Amino acid sequence: MFVVATAGHVDHGKSTLVRALTGMEPDRWAEERRRGMTIDLGFAWTTLPSGGTVAFVDVPGHERFVPNMLAGVGPVPAALIVVAADEGWMPQSAEHLAALDALGVAYGLLAVTRADLADPGPATARARAEIAETSLGAVPAVAVSGVTGAGLPQLRAALDRLAAQLPAPVVDDPVRLWVDRSFTVRGSGTVVTGTLGAGRLRVGDELELAGADEPVRVRGLHSLGEARPEAAAVARVAVNLRGTPRDRLGRGDALLTPGRFHHTDLVDVRLAGDPAADLPATLTLHVGSAAVPVRVRPLGPDTVRLRLARPLPLLVGDRALLRDPGRHHVSGGVRVLDVAPPPLGRRGAAAARAQVLAELDGRPDLAGELRRRRLIRAAALLRMGVPVHAGPVQDGPAYAEPVAGDWLADPAHWRRLGEQLTEEVARHAREHPLEPGMPVDALRQRLALPDRVLVEALVRPPLRIHAGRVGAASANALPEPVALAVQRVRAEYGDRPFRAPEADRLVDLGLGPREIGAAVRAGALLRLADNVVLLPDALDDAVRVLAGLPQPFTLSAARQALDTTRRVAVPLLELLDRRGATRRLPDDARIVVT
Ligand SMILES: Nc1nc2c(ncn2[C@@H]2O[C@H](COP(=O)(O)OP(=O)(O)OP(=O)(O)O)[C@@H](O)[C@H]2O)c(=O)[nH]1
Ligand SMILES: [Mg+2]
């Protein structure tokens, strides 16, 4: 199937032509038929001589309904421009053409209608000249009459040729179905329709709906009036949604492949059309079937920042259109450069941003995104429309290896972070010589990293992570003052290993609780109780001495054999009990366990 939208001034015969081609009535509303004027979008389809199907989105020509027209052409890549032979080029001929040009529509046909009423020559020449100046370029023209049927076979043949020119749709792409209609079907519930430009929909699919917490589920699918289990782009589709109230969605909403679109209310864009300086402060942004008021902030000569009145699922590279509804003026097309732009807080930020934007062209670029964002999750980039695993990407790596989890990093930034981490750890060691390294979370904050897995990934030998801290792999090495104090303990108590320094002696040696903790963690001292420390080899020595006693032995016998005091002997024996080296009997005597 291919989908084509009509375009052209009011009463130039668009709907008459669609009716003549398809035998279907594009004007759905009684009011439209009564007034002989299209108000909202109409839909009809027919089979072409080749056997292919063309579906029409028939748009209104009246100037009041240009927003409806834009909702119809937004998602459609081809246009049938209709000009009446007897009236020729008119204001909405021009406005519709400007809209197609702004959206970058590159495929089209000119039908000069009402050729039974006037010579189609002049209207054809003028229209072709106007169209040639736009993204559509030189288009074939067919003179027709919707009343006599003259020219219709030629028009069908021309539609077939147009269909053959269109690029093949990407059916593997994520779905972004811009809703152009929503209604309720008795017994089925909510149904929305739209033009599926890429991707594939299946009954049972879960889709994302902006602003809804829960995914919505496809209960049924129709295309060309028939129920189908699946529909692949390009197609006109009607989607029946399970359990989604009708008032939850309407024109301008989009049904999305979950996790693939970034909802944004702030975008930086490049203008094709009026210069940034000439734009009013507020305009309407039209993209897909959506129309959203925006505030415009000029940045560079052809770049602006748009603040949207409500978020839209936009991707880098999207084309949209800015229009001034008051003046009936299409300001021009825009190309989305950034869907998650940085805030412009400090002085000079806007000018700096303009420079960055001057380098961007709306083509998703992995290396450039990493350079600018420095650190970002792959999933977040994907949601902006930047392929993270697909290649080839121009001038950059086609694939980026995550540095941790699904975090991607600019290589130069990652190297700098690694250096910064080493410096922070060294500084911490200088300022807190007794601590066994810097806590991972403190490092995460110092380096302003969003996730602690990034800190962990940055730690390289000789640094290591131990017990939630980052320190030198030789973190067991004691700070110098503590090492000296331990040496003095060893010198003084080496020959009477079961004598523990008294509390005031510990103070003299400079061994406070923190220093003792450091020495114990380093394995340089053994703590039996508060302020009761021995050299670490004392345990094995004690077992040897106690094994030489008649078994079982009492506390007092042990104390004497070890040549120590109760202050040491009681906790020492308890420690040996806990380690299974001695066992305490019911009468409080002990034996050495061999
Ligand atoms: N003689 C003649 N009349 C035509 C032809 N095409 C359309 N008309 C008449 O022109 C009038 C407008 O036709 P529509 O098809 O409603 O025009 P439209 O472009 O769809 O108008 P809007 O949707 O309101 O923009 C109707 O009265 C048609 O009967 C044609 O080829 N020949
Ligand atoms: Mg019409």
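In the predicted model, S15 and T38 are both buried. These two residues are the protein donors of the magnesium ion (ligand 2), through OG of S15 and OG1 of T38, at distances of 1.9 to 2.0 Å. S15 belongs to helix α1 (residues 14-22), whereas T38 falls in the loop between α2 (30-35) and β2 (42-47), so the pair ties together parts that are 23 residues apart in sequence. The loop between β1 and α1 contains D11. The phi angle of D11 is near 70°, a positive value in a residue other than glycine. Most residues other than glycine have a negative phi.

Helix α3 (residues 66-73) is largely enclosed by the rest of the structure, because seven of its eight residues are buried. The buried set consists of V66, N68, M69, L70, A71, G72 and V73. These residues pack against three strands and a helix from separate parts of the chain, among them β1 (2-7), β3 (53-58) and α4 (91-102). Further packing partners of the buried residues of α3 are β17 (282-287) and β20 (319-324).

The largest pocket of the model has a volume of about 1,400 Å³. Of its 42 lining residues, those closest to the centre are P75, R176, G197, A198 and D318. Two or more lining residues come from each of β1 and β7 (176-185). By class, the lining of this pocket comprises 29 nonpolar, seven polar and six charged residues.

G197, one of the residues closest to the centre of the largest pocket, is placed in the loop between β8 (189-196) and β9 (200-202). With a relative accessibility of 36%, G197 is classed as partly exposed. Setting aside residues up to four places away in sequence, G197 touches P169, A233 and V234. The C-alpha atoms of G197 and V105 are 13 Å apart in space, while the two residues are 92 apart in sequence.

Two of the residues touched by G197, A233 and V234, are joined to each other by a cis peptide bond with omega about -5°. V234 itself is located in the loop between β13 (230-232) and β14 (235-242). A cis peptide bond also links Q551 to P552, with omega near -10°. P552 is found in the loop between α16 (538-547) and α17 (555-562). Most peptide bonds are trans.

S223 forms part of strand β11 (residues 216-223). The relative accessible area of S223 is 4%, and the residue is therefore buried. A polar atom of the S223 side chain lies 2.7 Å from the backbone oxygen of R236. Apart from residues up to four places away in sequence, S223 touches M1, R228, A235 and R236.

L434 occupies the loop between α10 (411-431) and β24 (438-439). Its relative accessibility of 14% places L434 among the buried residues, since buried means under 20%. L434 and E515 are 81 residues apart along the chain, yet their C-alpha atoms are separated by 6.7 Å. Beyond its neighbours within four places in sequence, L434 is in contact with P479, V482, R514, E515, A518 and R521.

One cavity of 30 Å³ or more is found in a search of the whole structure. The space in the largest cavity amounts to about 50 Å³. The lining of this cavity is formed by V489, Y493, P497, R499, P501, L525, V533, L534 and L535. Helix α13 (480-493) and strand β28 (532-534) each contribute at least two residues to that lining. Eight of the lining residues are nonpolar, none is polar and one is charged.

N531 lies in the loop between β27 (526-529) and β28, the latter being one of the elements that line the largest cavity. At 37% relative accessibility, N531 is partly exposed. The phi angle of N531 is near 65°, again a positive value in a residue other than glycine.

Key: Residues are numbered from 1 along each chain as its sequence is written. Chains are lettered from A and ligands numbered from 1 in the order in which they are written. This is a predicted model: local features need pLDDT of at least 70, side-chain atom pairs count only at pLDDT 80 or more; totals for chains, interfaces and linings use all residues. Side-chain values use heavy atoms; hydrogens and water are left out. Helices (H or I, at least four residues) and strands (E, at least two) are DSSP runs, numbered from the N terminus. Buried means under 20% relative accessible area, exposed over 50%, partly exposed in between (1.4 Å probe, protein chains only). Contact means heavy atoms within 4.5 Å. On a 1 Å grid over the protein atoms alone, a cavity is a set of points where a 1.4 Å probe fits but cannot get out, and a pocket is an open set with protein on both sides within 12 Å along at least five of seven lines; lining residues have an atom within 4 Å of a point. Grid points are joined across faces, edges and corners, and a volume is the space filled by probe spheres set on the points. Ala, Val, Leu, Ile, Met, Phe, Trp, Tyr, Cys and Pro count as nonpolar, Asp, Glu, Lys and Arg as charged, and the others, Gly among them, as polar. Donors are N, O and S atoms within 2.8 Å of the metal (3.2 Å for Na, K and Ca); water is not among the atoms, so sites may look incomplete. A polar contact is a pair of N or O atoms within 3.5 Å; within protein, one must be able to donate a hydrogen and the other to accept it, and residues adjacent in sequence count only if both atoms are side-chain atoms.
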